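Student: Could we go through this structure together, one question at a time?
Tutor: Gladly! Have a look at it first.

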Amino acid sequence: MAECMHRLGAAAVQSMSLVADHYCSPRDCSDGEVAAFHPFKTKDDWRGCLEASTGMSFPAEGDLP
């Protein structure tokens, strides 16, 4: 991806605020400024963060048809 962006002439931009974790950059999952949250140790924790960040509801794995 970096090589493709370079060939297209896109300049590299470093941002330390795009990824949040519980240690270095604690942010709530509903924070609209963060592009990714990690780490989540369980599927339920990950799904809870996904739901908080999108405002949508997702079924648990066992709830799928």
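Student: Is Arg27 buried, partly exposed or exposed?
Tutor: Before we start, this is a predicted model, where local features need pLDDT of at least 70, side-chain atom pairs count only at pLDDT 80 or more, and totals for chains, interfaces and linings use all residues. Residues are numbered from 1 along each chain as its sequence is written, and side-chain values use heavy atoms, with hydrogens and water left out. Buried means under 20% relative accessible area, exposed over 50%, and partly exposed in between (1.4 Å probe, protein chains only). Because its relative accessibility is 29%, Arg27 counts as partly exposed.

Student: Which residue forms a salt bridge with Arg27?
Tutor: Side chains of opposite charge can pair when their charged atoms come close. A salt bridge here is a side-chain nitrogen of Lys or Arg within 4 Å of a carboxyl oxygen of Asp or Glu. At 2.6 Å, N to O, the side chain that meets Arg27 belongs to Asp31.

Student: How many salt bridges does the structure hold?
Tutor: One of them joins the side chains of Arg7 and Glu3 (2.9 Å, N to O), and both residues lie in helix H1. Another links Asp44 with Arg47, whose closest N and O atoms are 2.3 Å apart. With the bridge of Asp31 and Arg27 included, the structure holds three.

Student: Which residue is joined to Cys29 by a disulfide?
Tutor: A disulfide is a pair of cysteine sulfur atoms within 2.5 Å, and a search of the whole structure finds one. Here the S to S distance is 2.0 Å, and the partner of Cys29 is Cys49. The pair links distant parts of the chain, 20 residues apart: Cys29 sits in the loop between strand E1 (19-20) and strand E2 (36-37), and helix H2 (residues 43-54) holds Cys49.

Student: How many residues make up the largest nonpolar core?
Tutor: A nonpolar core is a set of buried Ala, Val, Leu, Ile, Met, Phe, Trp, Tyr and Cys residues joined through side-chain atoms within 4.5 Å. Cys29 and Cys49 are both buried. Together with Ala20, Val34 and Phe37, these cysteines make up the largest core, and the number of residues is five.

Key
Helices (H or I, at least four residues) and strands (E, at least two) are DSSP runs, numbered from the N terminus.
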